[in-house]
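Student: Could you help me learn to read a sheet and the helices around it? I would like the general idea and then the case at hand.

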Amino acid sequence: MLDDILSHVMTRQYLNTAKTESSRNPAEYPLLGILALGEAHGYDISRRLKEEVGLIWRLGKSQIYALLAKLEREGLVTHERVGQDNLPAKNIFSLTPEGTQVAKEWLEHPVNHFRDMRLEFVTKLWFVRQAFPDQERLLIEKQLAVCRKKVEVFEGLKESCGNQAEALSIDFRVTVVKSTVSWLEGLLDSIQIET
C-alpha cells in the first residue's frame, strides 16, 4: 500500500518528465551521450563506454550494435559507410538533429526514480561535464529539487504509517535520500570552488 501511495504521488508530480524517460530503453542514453560528443564507429563507442562509464554501464558489443540499429530505425542515429585501406569498411555513426534533441533533453532532466540515481544520474552528470559543462550546476540543482521533494513526501508519510515495518521502511528511504541530498550539495560546493 505504501508503495502504491508513493507511486501515485510521485507520478502525478513528475508525469511530464517521466513519460519521456520511460518510453526509451535506459541503455540507449549512454550511446546517445557518446555520439553527442562526436561521431564514432561501433567499436569506438564500445571502447569509450568501457573506458569512461564502464563501471556504471556494461553493454556488450552485440547489445551496442542492436541498440544502434534500433536508434537508427527511430531516426535518432545515422551512419555512413567509410572505406579503409587494407581493412573492411566501417560504419561511422552520428546523431541526427532529432537524436541530438533527445540526448539534450535527457541530459537536462533530473531522474525521477531514486533507483535511477546510481546508473542514470551519474551517467548524465558525466556526459554533461563532457559536452555541456556550463549546464552541470543546473542539472544538479534540478536533481536536488526532486530529492528534497521526495524527503518531504516520505516524511509526510511517516505520520500515517499503519505499523512499525512501514515506519522503518520510510525511515530508511528518508535516510538514503537525505544522504543523496548531502552528496548533491557537495557537488554544488565543488563547482563553486572550481569557478
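Student: In what order do the strands of the open sheet stand?

Tutor: Keep in mind that this is a predicted model. Its open sheet holds three strands, ordered β1-β3-β2, with antiparallel pairing. Strands β1 (40–41) and β2 (77–84) each have a single partner strand, so they stand at the edges and one side of each lacks a neighbour in the sheet.

Student: How many bridges join β3 to β1, and how many pair β3 with β2?

Tutor: Two bridges link β1 with β3 (residues 87–95), and seven bridges pair β2 with β3. Look at F93 in β3: A40 stands opposite F93, and H79 stands opposite F93 too. Between the strands of the β2 and β3 hairpin there are two residues, and N86 takes a positive phi near 60°.

Student: What should I know about side chains in a strand?

Tutor: In a regular strand they alternate between the two faces of the sheet.

Student: Which helix packs on this sheet?

Tutor: Helix α3 (residues 28–36) does, touching β1, β2 and β3. The direction of α3 makes about 95° with that of β3.

Student: And how do I read a helix such as α4?

Tutor: An α-helix has 3.6 residues a turn, so residues three or four places apart point the same way. Helix α4 (residues 42–53) has 12 residues and spans 16 Å from first C-alpha to last, close to the 16 Å expected.

Student: Which residues of α4 are buried, and what do they pack against?

Tutor: The buried ones are G42, D44, I45, S46, R48, L49 and V53. These buried residues of α4 pack against α3, β1, α5 (61–73), β3 and α7 (117–131).

Conventions
Residues are numbered from 1 along each chain as its sequence is written. This is a predicted model: local features need pLDDT of at least 70, side-chain atom pairs count only at pLDDT 80 or more; totals for chains, interfaces and linings use all residues. Side-chain values use heavy atoms; hydrogens and water are left out. Two strands pair if DSSP finds at least two bridges between them. Helices (H or I, at least four residues) and strands (E, at least two) are DSSP runs, numbered from the N terminus. Contact means heavy atoms within 4.5 Å. Axes are lines fitted to C-alpha atoms, for helices over the stretch in contact, and angles run from 0 to 180 degrees between N-to-C directions. The expected span of a helix is 1.5 Å times one less than its number of residues. Buried means under 20% relative accessible area, exposed over 50%, partly exposed in between (1.4 Å probe, protein chains only).
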